[in-house]
Amino acid sequence: MLKITLEAIEVVDAIARHGSFAAAAERLHKVPSTISYAVSKLEDHLGLALFTRHGPRVSLTPAGQEMLKEGRWLLSAAADLESRMRQISTGFETEVRLVHDSLIPTSALADDICAFEDLQCGTRLRIACETLTGTWEALRDGRADVIVAAGDGPAGGGYKAVSVGSLAFGFCVAPTHPLALLTRPVTREDLLLHTAIVVGDSARSLSERTVGLLMGQKRITVPSMAAKIAYQVAGIGHGFLPLVCVQADLARGTLVQLPCEEPRPDETFWLAWKPGRMGEALKWWVTRLERPLVPHILPK
């Protein structure tokens, strides 16, 4: 009889991801003692330690790392098998994973999510957020079934994509920023003298994308567009911002838009998916989102 079950791999995976038995228990909706017992029982059966204990925190041993490396593949394969079996039976997948660019708030998709729930099709919806190339990477690597991404995708991804709108960007600084004193368009030389605020690309393996950033330029990298706007309002740095998101700041005078010798082109947003083996839930989402989304759903 096999000593490693899918349930055991799922427990080990949850502990590794969240760093403790208690956090894994909360994630799996179990009590910590159940998680601790399951790990102890598995380690006894295997005759080796999977975790090194550091008080309440734990880390994988080399043996645990090897088990999880292969185990995660088994979990993914089992989930894929379950989804295909359910799809054969009902036409609807077990789960649909939607990933959107961080510039788009998840709340903007609330009406779409409610309409999907009204179908009562039994398909679980998993929503995640990535930034720039990270969104495309999620589709390429199989971590997403459908995405709403900013900018052109990488070549050879085997996906289909349709444009769902574009955003205009303007170069903005706080009125107290030195660049605000210029009486001419901002040049490359001006930009190099001051710190840029940039949103970090969440890509893990694909080349990171930077927009409106010069080689050798001083920069502060932030996790979101909201943080970038806040830093620029505070006068910490400069950069291009989506005009639809900073209308109120421009009207209040907490930001000013400056002309640039090299303006940033509009950013195109894409709805993308892999057309092979589409279930009814994925078809529904593609049809639902294949409409002008941006900038209408962005906060103003």
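Cys129 is partly exposed, with a relative accessible area of 41%. Here buried means under 20% relative accessible area, exposed over 50%, and partly exposed in between, using a 1.4 Å probe and protein chains only. Cys129 is in no disulfide, and the nearest cysteine sulfur, in Cys245, is 13 Å away. Cys114 is also partly exposed, at 48%. Its sulfur is 14 Å from the closest cysteine sulfur, that of Cys121, so the two are too far apart for a bond.

A disulfide is a covalent bond between the sulfur atoms of two cysteines. The cut-off is a pair of cysteine sulfur atoms within 2.5 Å. By that test the whole structure has 0 disulfides.

## Basis of the model

This is a predicted model, in which local features need pLDDT of at least 70, side-chain atom pairs count only at pLDDT 80 or more, and totals for chains, interfaces and linings use all residues. Residues are numbered from 1 along each chain as its sequence is written, and side-chain values use heavy atoms, with hydrogens and water left out.

## Overall build

The chain has 10 helices and 12 strands. These are DSSP runs numbered from the N terminus: helices are H or I with at least four residues, strands are E with at least two. The C-alpha atoms fill a box of roughly 80 × 45 × 35 Å along the principal axes.

Of the 300 residues in the chain, 42% are buried. Among contacts (heavy atoms within 4.5 Å) between residues at least 6 apart in sequence, 71% join residues at least 24 apart.

## Nonpolar cores

A nonpolar core is a set of buried Ala, Val, Leu, Ile, Met, Phe, Trp, Tyr and Cys residues joined through side-chain atoms within 4.5 Å. The largest has 50 residues. Ile104, Leu167, Phe171, Phe269, Leu271 and Leu289 touch the most other members. Helix H10 (residues 280-289) gives the most to this core, 6 residues.

Leu289 touches Leu98, Leu109, Asp112, Val148, Val164 and Leu271, leaving aside residues up to four places away in sequence. A second, separate core holds 18 residues, including Ala8, Ile15, Val39 and Leu50.

## The largest pocket

The largest pocket has a volume of about 1800 Å³. A pocket is an open set of points on a 1 Å grid over the protein atoms alone, where a 1.4 Å probe fits, with protein on both sides within 12 Å along at least five of seven lines; lining residues have an atom within 4 Å of a point. Volume is the space filled by probe spheres set on the points, which are joined across faces, edges and corners.

The lining counts 45 residues, and Ser76, Ala79, Glu95, Arg97 and Arg126 lie nearest the centre. Elements giving two or more residues include helix H1 (6-18), strand E3 (95-101) and strand E4 (124-130). H4 gives the largest share, 10 residues. The lining divides into 20 charged (Asp, Glu, Lys, Arg), 16 nonpolar (Ala, Val, Leu, Ile, Met, Phe, Trp, Tyr, Cys, Pro) and 9 polar residues (the others, Gly among them).

## Local backbone points

Most residues other than glycine have a negative phi. Gln120 has a positive phi of about 50°. Gln120 lies in the loop between helix H5 (110-118) and E4, and is exposed at 73% relative accessibility. Leu132 also has a positive phi, near 55°. Leu132 sits in the loop between E4 and H6, and is buried at 12%.

Asp80 is found in helix H4 and is partly exposed at 30%.
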